[in-house]
Protein chains: 2
Amino acid sequence: MEGHRERKKARTRRALLEAAVRLFAERGYEQTTVADIAAAADVAPRTFFAYFASKEDVLFLQAGERERVMLEAIAGRRPGEPLGELLSRMFEAMVRSLAEDDELGFALSPLRARLMVAEPALRARGLTLMMETQPRLARALCEVYPGLDPVSAGAAVGSFMGALAAAGMVAQEQGGSEDDVLAAGRRGIEVAVNGLASLDRP
Amino acid sequence: MEGHRERKKARTRRALLEAAVRLFAERGYEQTTVADIAAAADVAPRTFFAYFASKEDVLFLQAGERERVMLEAIAGRRPGEPLGELLSRMFEAMVRSLAEDDELGFALSPLRARLMVAEPALRARGLTLMMETQPRLARALCEVYPGLDPVSAGAAVGSFMGALAAAGMVAQEQGGSEDDVLAAGRRGIEVAVNGLASLDRP
DNA sequence: CTGCGAATTTGCAACCTATGCATAAAAGCA
DNA sequence: TGCTTTTATGCATAGGTTGCAAATTCGCAG
């Protein structure tokens, strides 16, 4: 928070962010154009792209941070810690960080979750980000679990993320609260860790 | 294959398809515009959209058919068949159908696989299609496995698909052959069925 | 306070995908 | 040949995105 310049820049960024989030929440994602956002933030449309790489990016700001947290969790594997426990710890760390670094007073995560079930474009973006993180997580896993081959590591991460995302989506679609979605995510992890075979004998 | 009309329509469609696939393979997906494809097929750009809903759709023609095959496999659950076995059967049925109904002499699947690791837009499309299929597969699972709750069913499908996709991607990125990718997919299924916990004790 | 250099903002043009609408071209049929 | 139904095309438009250059603003030194 240095000079006037930085402050003004931060203010512009925040104005764009708030305008976008508000408009997305009010009219939906597709119904909001970049021009609308810029107008609401009182800047030229072109300026929007000086702050955000794309319209979608506004909703996925913390993606990098989340990946960092996950990689950190993996790197911090405790001696002899089973894979399932490590990944569960990773998930909880991610949830915690998600609650913290919400750049806005109003949380971005619930809105994103809501919009992701409604707007295909956003679902696609979220899935893409997830998919792009997976190889890096898998590589990190290979490092702390010597003897784990790359394909199995990839499968592990994919299974974990897939179960997590799918279970969360079901809960979200059933109109569950934020806590319901979280609980569903944990259940998804359980299924992935214990294996689908475990579902045959409840 | 009736009159002149149907034949000509089929020829136009095929011309567009072949042009698109050829150009995608030659220059890449992003570098090929719809106008290019239309020009190569010797029709007006506008005509492309009379045959395909979008540029991406050219590469995902069999998506509907694949889902049908998977739903069929689930519906054909044998008495007492464990979940893991059913899903493995489902996967094999899908692979078989994929090899059959390739609309072209040159297979679409390998190209799609190759492009999906290279072009984010296509990865997103593939993931979206997969994600949209999941709830229907989960619902089908619930029907043949009474006692399976929706969230667990969703988790099961997500875990399965996630592991499959991620493992396949790893193999694809490592420059594996089509068979390598297939083998990796099977390995992914194994991991999902037995659970991540099983990776701790090899 | 003045002016210079750097960062920021903006306008403009362009490209691409996609859609709606109206019209032209073609094919089937009487 | 003429009429009807498809099919193909052209035109206009919307919206996201980028490159480029001009204009504006800011920070700082003189």
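Visitor: What makes up the surface near DNA strand D, by class?
Guide: It has seven nonpolar, six polar and eight charged residues. Ala, Val, Leu, Ile, Met, Phe, Trp, Tyr, Cys and Pro count as nonpolar, Asp, Glu, Lys and Arg as charged, and the others, Gly among them, as polar. This is a predicted model, in which local features need pLDDT of at least 70 and side-chain atom pairs pLDDT 80 or more, while totals for chains, interfaces and linings use all residues. Residues are numbered from 1 along each chain as written, and chains are lettered from A and ligands numbered from 1 in the order written.

Visitor: How many residues surround DNA strand D, and which are the closest?
Guide: There are 21. "Near" takes a C-beta atom, placed from the backbone, within 6 Å of the strand. The closest are His4(A), Ser54(A), Val43(B), Ala44(B) and Thr47(B). Two or more residues each come from α1, α2 (34-41) and α3 of chain A, and from α1 and α3 of chain B. Helices here are DSSP runs (H or I, at least four residues), and strands are E runs of at least two, numbered from the N terminus.

Visitor: Which residues of α2 (34-41) in chain B are called buried?
Guide: Ile37(B), Ala38(B) and Ala41(B). Buried means 20 or more other C-beta atoms within 10 Å of the residue's own, exposed 12 or fewer, partly exposed in between, with C-beta atoms placed from the backbone.

Visitor: How many residues of chain A are in contact with chain B?
Guide: 46 of chain A, with 45 of chain B. Contact means C-beta atoms, placed from the backbone, within 7 Å. α8(A) gives the most to that side of chain A, with 19 residues. That side of chain A has 30 nonpolar, 12 polar and four charged residues.

Visitor: Why are the copies said to meet through the same surface?
Guide: 98% of the interface residues of chain A are also interface residues in chain B, so the surface is the same.

Visitor: What rotation superposes chain A on chain B?
Guide: One of 179 degrees, with 0.0 Å of shift along its axis and an RMSD of 0.2 Å. The copies are thus related as by a two-fold rotation axis. In chain A, Gly195(A) has the C-alpha nearest the axis, 1.6 Å from it.

Visitor: Where do the domains of chain A lie?
Guide: Domain 1 is 2-53 and domain 2 is 59-199. The bounds come from an automatic or database assignment. Their C-alpha centres lie 28 Å apart. Seven residues of domain 1 of chain A are in contact with eight of domain 2 of chain A.

Conventions: Contact = placed C-beta atoms within 7 Å. Least-squares fit on C-alpha atoms with pLDDT ≥ 70 in both.
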